[in-house]
Structures are given as structure tokens and as C-alpha cells.
Amino acid sequence: MTAVKPHDQHPDRFGLSAQDLGHHHRPKKEHKPKVDTPEGWIPIRDLHARHRHRILDHLLHLDEHDRYLRFGSPVTSDQLNKYVASIDFKRDEVFGIFNRKLQLVAVAHLAAMPGKGPSGDGSSKGRAMEFGVSVLPDGRGKGLGMRLFQHAITHARNQHASHLMIHALTENAPMLRIAAKAGAIIERDGPDAEAWLKLPPDTVGTHIDSSLQSLAAEVIYRVKYRAIHISDWLKMLIAPT
């Protein structure tokens, strides 16, 4: 297995450039993963056990190749059903992005990886968390994967994770590019690759930001939900009998 640092990777493959190391005479600042996020805010809603059917519907809209890239192997509809049913919402976090019709166009799963904490006490502190994401064709090219990755970084820090890990096929260049631009180290082994991103500790700011983001996304979703239902109700009233 070969570990490749982001600035050593071929720019034509991952679209990377050397990282700016800064000046040694500047005041030391908190190290943060470097994530190039598109301009503008996109609401990312927390998903819970009651949303299993929506998550499953999202995954079923992926074609065979998209499922292959997302899970690293061919996946049947029955296997997707079992995967969604097995998600532990008490341990993991799942969040998504809805379009104007409130269809789930992008879903991310932030899963706690098994292992003991740094003190060997079995606590979750210091563990790595694994990030997986899928985006429907209509939502691609808009930076949604990058948005969800940045969102996952904040949530993983708030869970006291020391690293964020992505397991992907080496042919999944967009996913590896997202990780590499954040400063992750890519470990490649044949057709498989793992990206490891070291995370800084959580702060009061990361917790406040996470709470505000979740609250705002929930409010916007509720407003859109009511607007759609009012629109449907009005259409029923004016429909010819």
C-alpha cells in the first residue's frame, strides 16, 4: 500500500497544486482542513431513523455504476434495503440535501469506525469516522459532495474524532479529489484507496456552527414543505370539476 501526500499527486489526475505552507513569522493559527467550498449557503438537513424510506429511495435512484462507486462493489436493491435498515442513528450521523421538490438529491453517512480511544478505554474519543456520500445525477456539478464533506468534518470534530476516513475505488477520482484538496493522505492498494484526514479538536465555534446550520436547514425544509402542500391544495381548488 502506497501513501501519497496530496501535493505529490499528479495534477492532471486529481487537479491538485502545492499547498501554501505560509510564513514562519506569522502568528500560529488553528490548523483546519483545507476545503474549497462553492459560494453560497446550501441547507443540509439532519436525517434520522424516520427518514429511512427517503434514504432508500435516494439510493434506489442510483444506477449500477453509481452504486458500484458508492459502495465499492456491485450492490442489489435488496442489499441497499438491508444497508439502510442497518444504519445505527444513535451511533452514526446521516445528513442530506433536498431539492426544490423536496427530493433527497445528496446523502452523506458519517459512521463511527470500530476501535478504542487513545487511552484504550473503549470510549469514542479519538476514533476515526468514515465518510460516504452519494449524489443523484441531477445534483452533480454543483459542489454538493464538497458541501457534505465540509459538513462531515465539523460533525466529526464535534464527535471528538481524530481522523476522517474515506474508502473509495481508485477510479472514483471526484471523491478522492475532494479528500485530497482538504489535505488528506491517500493510501492506494490496487483498485482500492483510502483517504485519511487528520482533524483538529472541536471548539465552541464548531458546536455553535453545527447547531445553527441544523436549525436553519430544518426551518427552510418546513417552509418549503408547507409551501408545496399549500400549492397542491390551491391547485385542487381551482381544478375543473
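Axes here are lines fitted to C-alpha atoms, for helices over the stretch in contact, and angles run from 0 to 180 degrees between N-to-C directions. You are looking at a predicted model, where local features need pLDDT of at least 70, side-chain atom pairs count only at pLDDT 80 or more, and totals for chains, interfaces and linings use all residues. Residues are numbered from 1 along each chain as its sequence is written, and side-chain values use heavy atoms, leaving out hydrogens and water.

Of its 241 residues, 39% count as buried (under 20% relative accessible area, 1.4 Å probe, protein chains only).

Next, select residues 64–71 and 77–86, which are helices α3 and α4. They pack at an angle of about 40°, with axes 12 Å apart.

Arg67, Arg70 and Phe71 in α3 meet Ser77, Leu80 and Tyr83 in α4, with contact meaning heavy atoms within 4.5 Å.

Move on to residues 144–158, helix α5. Its 15 residues reach 21 Å from first C-alpha to last, close to the 21 Å expected at 1.5 Å a residue (1.5 Å times one less than the number of residues). Because 14 of the 15 residues of α5 are buried, this helix is largely enclosed by the rest of the structure.

Finish at histidine 160, which follows α5 and has a positive phi, near 65°.

Notes. Helix = DSSP H or I, 4+ residues; strand = E, 2+ residues; numbered from the N terminus. Buried < 20%, exposed > 50% of the residue type's maximum accessible area, 1.4 Å probe, protein only.
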